[in-house]
Amino acid sequence: MVNITGMGCAWAVPDWDRVQDAVDSLPDYEVRRLDIALDTFHREVTHDKVVQAHRSGMFTLAGRPPSMTRIEPEDPLEGATVYIGKRENAKFLRCYEKGLELVKAYPRGSIRYLEGVPVEDIYRVELELKAKDGPLPVDLIDKRDQYFAGAYPYLQTLVDVKPEVFVQSREKGPQHDLAGMLAHIRHQYGSTLFTAMVAHHGDIGAVWDKIVGDKHNANLVAAGVLMVEHE
């Protein structure tokens with residue numbers, strides 16, 4: 001198992017394509033958990049705004065709002081937190097005053113700004129996705145903004161992208177397995193295959209004859225991909 005912490009992720013910024021390529025280079029892998037965090041610095045998101053958004057139904061999907069847990073210490077410098085959903089579920093959201101968390105280790109009130117931003121204005125919205133009810137999509141790193149926006153209606157208001165909604169379903173496991181493998185091939189070799197097709201004057205059949213094998217992928221067959229219909 002490989003676990004990359006938030007500090008480890010900082011080394012990857014801004015070249016996340018290399019991270020995706022590194023993951024795709026593995027012969028066989030499964031993403032078990034991925035956290036997508038959005039930090040805001042100008043009070044675009046605050047504790048009160050998140051609470052009000054929940055009350056207004058901005059986290060409601062399929063007619064039923066997820067649970068909300070509020071942690072509001074008596075000391076405001078301790079920082080308030082909102083949990084949306086349950087930690088054991090496949091989707092879990094943490095919203096908290098990140099700036100106040102970052103300065104907790106220092107004497108009270110000794111640090112008022114971080115890189116010119118008031119610590120009270122730094123707020124984090126962190127989406128945790130787990131492979132609990134089905135596989136996670138293999139393009140989570142590439143489309144992190146889209147999946148973040150697609151998790152809840154409120155999150156769509158925070159990032160300017162077309163949301164990508166991923167619904168886990170055990171019944172769709174074989175379809176996801178095959179779709180994930182094909183997405184992996186497209187990401188890893190799609191440009192090479194396109195160039196090869198052009199080199200063969202658009203004859204995809206000629207390229208296909210050069211690359212297709214003559215044996216099944218045992219893992220996909222065992223997962224039941226030949227027993228279901230695929231889009």
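## A buried charge pair

E126 and R94 are both buried, buried meaning under 20% relative accessible area, exposed over 50%, and partly exposed in between, with a 1.4 Å probe and protein chains only. Their side chains meet in a salt bridge, with 2.6 Å from N to O; the term stands for a side-chain nitrogen of Lys or Arg within 4 Å of a carboxyl oxygen of Asp or Glu. The pair links distant parts of the chain, 32 residues apart: E126 belongs to strand β7 and R94 to strand β4. Helices (H or I, at least four residues) and strands (E, at least two) are DSSP runs numbered from the N terminus.

Salt bridges that share partners join this pair to others in one network, made up of R33, D35, D39, R94, R124, E126, E128 and K130.

## Source and numbering

The model is predicted: local features need pLDDT of at least 70, side-chain atom pairs count only at pLDDT 80 or more, and totals for chains, interfaces and linings use all residues. Residues are numbered from 1 along each chain as its sequence is written, and side-chain values use heavy atoms, with hydrogens and water left out.

R94 is placed in strand β4, residues 91-96. R94 counts as buried because its relative accessibility is 10%. The side chain of R94 makes a polar contact of 2.7 Å with the side chain of E128. A polar contact is a pair of N or O atoms within 3.5 Å; within protein, one must be able to donate a hydrogen and the other to accept it, and residues adjacent in sequence count only if both atoms are side-chain atoms.

K130 is found in strand β7, and its relative accessible area is 16%, so K130 is buried. The side chain of K130 has a polar contact of 2.7 Å with the side chain of E128, and also reaches the backbone oxygen of R87 at 2.8 Å. K130 and F92 are 38 residues apart along the chain, with 8.6 Å between their C-alpha atoms.

## Other salt bridges

The count of salt bridges comes to 13. One of the pairs is R108 with D75, at 2.5 Å from N to O. This pair also links distant parts of the chain, 33 residues apart: R108 lies in the loop between α4 (98-102) and β5 (113-114), and D75 in the loop between β2 (68-71) and β3 (81-84). R108 counts as exposed because its relative accessibility is 60%, whereas D75, at 24%, is partly exposed.

E72 forms a salt bridge with R70, where the closest N and O atoms are 2.8 Å apart. E72 is partly exposed at 43% relative accessibility, and R70 is partly exposed at 39%.

## Surface patches

D15, D17, D21 and D142 form a negative surface patch. Patches are made of residues with over 30% relative accessible area and no salt bridge, like charges being joined within 9 Å and nonpolar side chains (Val, Leu, Ile, Met, Phe, Trp, Tyr) within 5 Å. D142 sits in the loop between β7 (123-130) and α5 (144-151) and is partly exposed, with a relative accessible area of 31%.

L182, I185 and Y189 make a nonpolar surface patch of about 290 Å². Y189 lies in helix α7, residues 173-199, and is partly exposed at 46% relative accessibility.

Key:
Accessible areas come from the Shrake-Rupley method with a 1.4 Å probe; for residues, only the protein chains shown count as cover. Lys and Arg count as positive and Asp and Glu as negative; His and the chain ends are not counted. The place of a charge is taken as NZ of Lys, CZ of Arg, CG of Asp or CD of Glu.
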